[in-house]
Each structure stands twice: as structure tokens, then as C-alpha cells.
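Work through the exercises below with the sequence and the structure at hand, and try each task before reading its solution.

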Amino acid sequence: MLDLKQIGASEFRQLKQAQDRGQLSHAYLLLSSDEVEALNTAYWLICYVNCTGEKKPDGTCPACRRILAGNHPDVFLIDTEENKQSIAIDQIRPLKQELAKSPLEGDRRYFVINHAQKLTLPAANALLNLLEEPAAPVVTFLIANNGGQILPTIKSRTQIINFSQQAASSKDRLLLANGMSQEEVDQVKSSQEVDQAVKFFYQELREHDSLAIVSAHQLAGLVKKQKQGTKAWEKYVWILLKKWGEKDLEKGDCQEAANFLADLMRVDQMWQSNVGFLNNLDYLALKWQQ
Ligand SMILES: [Zn+2]
């Protein structure tokens with residue numbers, strides 16, 4: 001059973017829109033440093049198309065459940081086999097026979113190739129032949145973490161969706177929408193370490209973990225360490241915390257998330273009237289300890 005915690009929201013929207021308009025391409029290359037996220041997104045789209053529930057995709061109707069459990073007769077997942085480093089031609093060949101058959105339940109079938117960067121050359125060439133038969137009612141999703149390892153001939157036959165690129169630009173939009181200037185956005189470009197620290201801090205706050213006070217100091221240290229734009233980084237942390245709170249609010253976790261956002265607003269005001277960054281982090285950590 002797939003755990004669908006992470007889905008590329010904007011990438012899913014893009015695929016859903018194509019499906020709604022009847023413009024789904026016959027082959028996609030989903031490039032992401034997080035292959036699980038890309039794989040989930042492909043499966044979520046397949047659920048969306050086949051879902052029999054009211055709110056599509058619900059992930060809970062019989063069709064969705066069989067898709068997510070790997071038991072749907074129109075969905076084929078090819079992956080590296082246990083203890084093997086590559087995907088062999090023997091794994092691709094059966095797809096050719098499947099191509100000749102009609103879909104059993106819906107109006108098309110789905111081939112999902114996970115870790116497509118691990119296709120051997122013969123396997124990649126066999127796949128290329130499949131991709132050249134666009135008349136067959138099949139949509140193929142290639143999932144890969146490294147576009148550089150995918151044959152150019154395969155790339156040219158697929159529509160490429162680059163997850164990290166979209167994530168970066170949607171992050172820029174989020175920061176600009178929250179009052180950062182373009183200059184500040186540029187200053188907080190490489191933020192992985194800080195992102196992680198903010199996420200931990202947020203989780204600890206929400207779990208009323210007394211270690212949040214330690215994380216507050218680590219986070220402040222990390223921000224201080226940045227070479228430029230200390231103020232921009234501080235602002236960035238508030239925006240991220242707000243984003244996490246809003247995410248939980250959307251999930252229906254109402255009272256606690258609303259309380260958190262109210263505290264955050266207070267902190268933001270204190271920070272703007274020059275109360276130090278660390279003092280504000282401490283304030284949150286202490287307040288949420290109880
Ligand atoms: Zn469903």
C-alpha cells in the first residue's frame with residue numbers, strides 16, 4: 001500500500017488539468033530528487049481518473065484502494081527488483097504484450113516505471129519502442145531522480161515535469177506573497193538546512209516537547225551563520241512557521257493550529273518592533289511547552 005503523505009500538489013494539479021481537458025500526454029517523465037513524491041503523484045492521478053467516489057480522488061473507494069494496493073488490472077508498476085541495481089529488459093518485455101490487450105476496467109492502462117534512471121540500455125530501448133506506439137490507450141509514467149541518466153531519445157518522447165523546479169518557483173511565490181522583496185527572496189535561496197530546522201522546531205512546538213527550547217537556539221544559530229541577509233532569514237523562518245500552521249489548519253486540525261497562528265502573529269509583531277529573533281523563538285517554545 002502506498003503511503004500518500006507526500007504528493008507534488010502543483011504537479012498533480014497540472015496533470016489533473018490535462019486529464020480534465022482530455023489532453024493527458026501518453027508519456028511523462030517525472031523528475032524529482034524525491035522519487036517517492038513523484039511516484040505518489042503519478043498514482044494519485046491514476047486514482048483521480050478511476051475513482052468512483054464523489055470527491056475524486058478519495059483514496060478510499062474500491063477502485064482507489066486497488067490502485068494503491070497494487071491490485072488494479074490496468075495499472076502496472078515496474079521497479080528495481082530486490083537486491084538488483086537495475087531494471088532489466090525482461091521486466092519491460094511483458095508490457096509489450098499488455099499493449100496489445102484492451103484495458104479491463106477503464107478506457108486506458110497505466111505503466112509506471114519507478115527508478116527509470118536504472119533502466120539498462122536494452123531495457124530503455126525496449127521501452128522506447130513502447131513509447132513509439134502512441135495509438136495504444138496507455139499512459140506511461142517514468143519516475144526518475146536524475147534526468148541526466150535518461151536516454152535523450154526517451155526524453156524527447158515524454159513530457160517532462162520537473163518537480164524541484166516547480167517547488168522552487170512556488171516557494172518564491174509564497175515568499176513574495178508574504179511580504180518579502182525579490183532581493184530578500186534571493187538571499188534565502190539555499191535554505192535546505194534551515195527548512196529542516198524550522199520543520200523540527202514546528203513539530204516540537206505542536207507536540208509540546210520541552211526540547212523545542214533547544215531547537216530554538218539551534219535555529220537561531222543557523223540563521224546567524226548565514227552569510228547575508230539575517231533579517232531576510234528571520235522573516236523567512238516566520239513565513240515557514242506560518243505555512244506549517246496553515247497546512248495543519250487546512251487538514252482540519254483547527255483549534256491548536258489556530259492558536260499557533262495567533263501566537264505567531266504576536267511574535268511577528270514583537271519582531272517587527274525589534275524584539276530579538278531568538279527571544280521570539282524562546283517565547284514560542286515556552287508558551288507551547290505546556
Ligand atoms: Zn476513489
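A residue counts as buried when its relative accessible area is under 20%, as exposed when that area is over 50%, and as partly exposed in between. The model is a predicted one.

**Exercise 1.** Determine which residues coordinate the zinc ion, and decide how Cys51 and Asp58 are classed by accessibility.

Solution. Begin with the donors: the zinc ion is held by the SG atoms of Cys51, Cys61 and Cys64 together with an OD atom of Asp58, at 2.0 to 2.2 Å. Along the sequence these donor residues follow the spacing C-x6-D-x2-C-x2-C. Next take the geometry, where the four donor atoms subtend angles of 98 to 120° around the zinc ion, so the arrangement is tetrahedral. Finally apply the cut-offs: Asp58, at 27% relative accessibility, counts as partly exposed, whereas Cys51, at 6%, counts as buried.

**Exercise 2.** Describe helix α1 and work out where its buried residues lie around the axis.

Solution. Helix α1 comprises the 12 residues 9-20, and its span of 16 Å from first to last C-alpha is close to the 16 Å expected at 1.5 Å a residue. Its buried residues are Glu11, Phe12, Leu15, Ala18 and Gln19. Viewed down the axis of α1, these residues fall within an arc of 125°, so they line one face of the helix. Their packing partners are β1 (27-31), α2 (35-50), β4 (138-144), β5 (159-162) and α7 (163-177). Just after α1, Gly22 adopts a positive phi of about 70°.

**Exercise 3.** State how far apart the C-alpha centres of domain 1 and domain 2 lie.

Solution. The domain assignment gives domain 1 as 9-166 and domain 2 as 178-287, and their C-alpha centres are 37 Å apart.

Note on methods:
Residues numbered from 1 in each chain as written. Predicted model: local features only at pLDDT ≥ 70, side-chain atom pairs only at ≥ 80, totals over all residues. Heavy atoms only, no water. Helix = DSSP H or I, 4+ residues; strand = E, 2+ residues; numbered from the N terminus. Expected span 1.5 Å × (residues − 1). Buried < 20%, exposed > 50% of the residue type's maximum accessible area, 1.4 Å probe, protein only. Arc of directions from axis to C-beta. Contact = heavy atoms within 4.5 Å. Domains from an automatic or database assignment. Donors = N, O, S within 2.8 Å, 3.2 Å for Na, K, Ca; no water. Tetrahedral: all angles 85-135°; square planar, octahedral: opposite > 155°, others 65-115°.
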